[in-house]
Amino acid sequence: SCDQDDVWHPKRLSECARALRDDPRLGLVFSNGDLIDDAGRRLPGQLWDNFTFDKAIRERIRGGDMLPLIRYRFVTGATMMFRTALREYLCPATGEWLHDGWIAAVIACMAPVGFLDQPLIRYRIHARQQVGTGTGPRKRAFSEHAREHWMGPDWHRHETELLLDCVLRIPPSLRSATADDFVRQHAFLGMRITLPRHRWTRPSKMAAYRSDYQRRASGWKSMLLDLLLPKQDDETGSAAASGFSALGRRDSRL
């Protein structure tokens, strides 16, 4: 077993090592997993069913688009393997990043990240786990989404900034185009949270990023909300000041 309460498939290491051997470009691979309860009994579904790692996102990662790695948290540390040569460029995870997503995002700035569809661990679900899938995302009323609309991009901007502080320590000769893409994401989020209070003045500022909304947000829905929702100010830091977290309420996180 590994990660205290999870169980590895006998071929977990060999399958991940084979993936890295078969594609020398890859810097890291991770896999899916089966779900089990306290007693080791199989539960319905698989590990990825509990994360934002659907078919569309898998195709993006498979096609070399690493942006989902900083927009969502779907890499599980007990399933991943990365090349030793890249270890020296990793920094301790900060903010609300967990080590697994942080490692995958930093390595993506040097080499592509891949994944294996087969379940190579048995991931245990129980009430005492420190970090886990839980019961999935909490459903929120539209009014709550609206109130927190400006905090979400602010939270993501801050988390991306923390990551970039680590990425910028990597020698420029080793950085991939993904690093520049993450910088663009930071700028895009900065634009959104500093949109002016007066709605009629927002389009001119959004124009330079109008083609980014599809990849970097929720497309036309995010654009319409940015245009129409009321805004109290154009300062950053509202998420941190209010204790907002895109991972859920901080006082209730496992």
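The chain comprises 11 helices and 5 strands, where helices (H or I, at least four residues) and strands (E, at least two) are DSSP runs numbered from the N terminus. The model is a predicted one, in which local features need pLDDT of at least 70 and side-chain atom pairs count only at pLDDT 80 or more, while totals for chains, interfaces and linings use all residues. Residues are numbered from 1 along each chain as its sequence is written, and side-chain values use heavy atoms, with hydrogens and water left out. Of the 254 residues in the chain, 45% are buried, a term that denotes under 20% relative accessible area, with exposed denoting over 50% and partly exposed the range in between (1.4 Å probe, protein chains only). Among contacts (heavy atoms within 4.5 Å) between residues at least 6 apart in sequence, 73% join residues at least 24 apart.

The strands were examined through their pairing, two strands being taken to pair if DSSP finds at least two bridges between them. Strand β2 runs parallel to β5, to which it is joined by 8 bridges, and within this pairing Leu 28 stands opposite Val 113 of β5. Strand β1 (residues 7–8) is joined to β5 by 2 bridges in an antiparallel arrangement, with Val 7 opposite Arg 122 of β5. A further antiparallel pairing, also of 2 bridges, links β2 to β3 (residues 42–46), and here Ile 36 has Arg 42 of β3 as its bridge partner. The hairpin of β2 and β3 has 5 residues between the strands, and in this hairpin Gly 40 adopts a positive phi near 85 degrees.

In soluble globular proteins, nonpolar side chains tend to be buried together. In the present model the largest nonpolar core contains 36 residues, and those with the most contacts inside it are Phe 30, Leu 69, Leu 163 and Phe 182; such a core is a set of buried Ala, Val, Leu, Ile, Met, Phe, Trp, Tyr and Cys residues joined through side-chain atoms within 4.5 Å. At least two residues of this core are supplied by each of β2 (28–36), α2 (55–62), α3 (68–71), α4 (99–108), β5 (113–124), α6 (151–167) and α7 (177–193), and the largest share, 7 residues, comes from α4. When neighbours within four places in sequence are set aside, the contacts of Phe 30 include Trp 48, Phe 53, Phe 74 and Met 80, together with Val 113, Gly 114, Phe 115 and Leu 116. A second core, separate and made of 10 residues, includes Trp 150, Leu 189, Met 191 and Leu 229.

Helix α4 is largely enclosed by the rest of the structure, because 9 of its 10 residues are buried. The buried residues of α4, among them Asp 100, Trp 102, Ile 103 and Ile 107, pack against β2, α3, β4 (81–82), β5, α6 and α7. Two packed helices are described by the angle between their axes and the distance between the axes. Axes are lines fitted to C-alpha atoms, for helices over the stretch in contact, and angles run from 0 to 180 degrees between N-to-C directions. For α4 and α6 the angle is about 55 degrees and the axes lie 10 Å apart; the two helices are therefore oblique to each other. Their contact involves Trp 102, Ala 105 and Val 106 of α4 and Leu 162, Leu 163 and Cys 166 of α6.

Helix α6 also packs with α7, at an angle of about 150 degrees and with the axes 9 Å apart, which makes α6 roughly antiparallel to α7. Angles under 35 degrees count as roughly parallel, over 145 as roughly antiparallel, 65 to 115 as roughly perpendicular and the rest as oblique. Residues of α6 including Pro 153, Arg 157, Leu 163 and Val 167 meet residues of α7 including Ala 179, Phe 182, His 186 and Ile 193.

Ser 173, in the loop between α6 and α7, is exposed, with a relative accessible area of 70%, and its C-alpha lies 9.3 Å from that of Met 110, although the two residues are 63 apart in sequence. Arg 202, in helix α8 (residues 202–206), is buried, with a relative accessible area of 0%. Its C-alpha is 6.5 Å from that of Leu 227, a residue 25 places away in sequence, and beyond its neighbours within four places the contacts of Arg 202 include Trp 150, Leu 227 and Leu 229.
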